[in-house]
Amino acid sequence: METLLTCQVLAMNSYRSPVLDPAAMPQVALASMNTTHREELMLVNQLGALLAQGMGGEADEPAISAKVNEWIEHTRDHFARENQLMQAHDFPPYPMHSGEHERVLQELEKLKQQWLDGKAVEPLAHFLFVDWLEWFGQHVNTMDRITAQFLKGFLIE
Ligand SMILES: [Fe+2]
Ligand SMILES: [Fe+2]
């Protein structure tokens with residue numbers, strides 16, 4: 001019992017908002033991509049705040065469901081725009097980058113279904129504050145960074 005309590009306290013501490021400070025967000029060479037990433041981060045931080053509040057007391061389930069939907073739809077548009085730009089300018093590693101987008105969208109859809117099935121706050125919080133945070137930094141710093149550098153040669157902003 002004491003161990004369970006310790007785990008809960010540790011989990012609450014590691015889920016402190018924001019998920020990521022916008023000032024610490026990695027930047028790429030295209031302003032439009034940075035704007036989209038910042039929008040996504042705002043949604044993630046809003047969801048993170050709802051989840052952190054839910055871990056400490058009563059979870060606002062309808063607000064969490066609505067924010068999960070908003071986040072996934074934003075991510076779908078975000079990935080579709082990057083895919084479209086890569087295709088339009090014949091970016092050679094397009095299959096790798098778009099394939100990663102597809103994989104992540106499937107993961108988010110699975111996560112959403114798990115949330116809707118059980119309304120369990122902790123797994124969603126763990127995903128957001130640990131898995132998504134790591135993925136986002138890595139994706140923006142690798143695939144998005146290289147894509148933006150390539151596209152910069154074609155696009156005037
Ligand atoms: Fe991106
Ligand atoms: Fe991307």
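This is a predicted model: local features need pLDDT of at least 70, side-chain atom pairs count only at pLDDT 80 or more; totals for chains, interfaces and linings use all residues.
The protein chain as a whole has five helices and zero strands, and from the N terminus on its elements run α-α-α-α-α.

**Helix 3 and its partner, helix 4**

- The 28 residues of helix 3 reach 40 Å from the first C-alpha to the last, which is close to the 40 Å expected at 1.5 Å a residue.
- The axes of helix 3 (residues 61-88) and helix 4 (residues 94-118) come within 10 Å and cross at roughly 170°; because angles over 145 degrees count as roughly antiparallel, the two helices are described as roughly antiparallel to each other.
- On the side of helix 3, the contact is made by residues including Val 68, Ile 72, Phe 79 and Met 86, while helix 4 contributes, among others, His 97, Leu 105, Leu 108 and Trp 115.
- The residues of this contact between helix 3 and helix 4 divide into nine nonpolar, seven polar and two charged.
- After helix 3 comes Asp 90, whose phi is positive, near 50°.

**Helix 2**

- The 26 residues of helix 2 should span 38 Å at 1.5 Å a residue, and since its end C-alpha atoms are 37 Å apart, the computed span agrees with that expectation.

**Helix 5**

- Helix 5 (residues 121-152) has 32 residues, but its end C-alpha atoms are only 40 Å apart, short of the 46 Å that a straight helix would reach at 1.5 Å a residue.
- A kink of about 40° is found in helix 5, and this kink is centred on Asp 144, a residue that is itself among the buried ones of the helix.
- Other buried residues of helix 5 include Val 121, Leu 124, Ala 125, Leu 128, Phe 129, Trp 132, Phe 136 and Val 140.
- An α-helix has 3.6 residues a turn, so residues three or four places apart point the same way.

**The chain as a whole**

- Along its principal axes, the C-alpha trace of the protein chain spans about 60 × 30 × 25 Å.
- Buried residues make up 22% of the 157 residues in the protein chain.
- Among contacts between residues at least 6 apart in sequence, 75% join residues that are at least 24 apart.

Note on methods
Residues are numbered from 1 along each chain as its sequence is written. Chains are lettered from A and ligands numbered from 1 in the order in which they are written. Helices (H or I, at least four residues) and strands (E, at least two) are DSSP runs, numbered from the N terminus. The expected span of a helix is 1.5 Å times one less than its number of residues. The bend at a residue is the angle between axes fitted to the seven residues ending there and the seven starting there. A residue is buried if 20 or more other C-beta atoms lie within 10 Å of its own, exposed if 12 or fewer, and partly exposed in between; C-beta atoms are placed from the backbone. Axes are lines fitted to C-alpha atoms, for helices over the stretch in contact, and angles run from 0 to 180 degrees between N-to-C directions. Angles under 35 degrees count as roughly parallel, over 145 as roughly antiparallel, 65 to 115 as roughly perpendicular and the rest as oblique. Two residues are in contact if their C-beta atoms, placed from the backbone, lie within 7 Å. Ala, Val, Leu, Ile, Met, Phe, Trp, Tyr, Cys and Pro count as nonpolar, Asp, Glu, Lys and Arg as charged, and the others, Gly among them, as polar.
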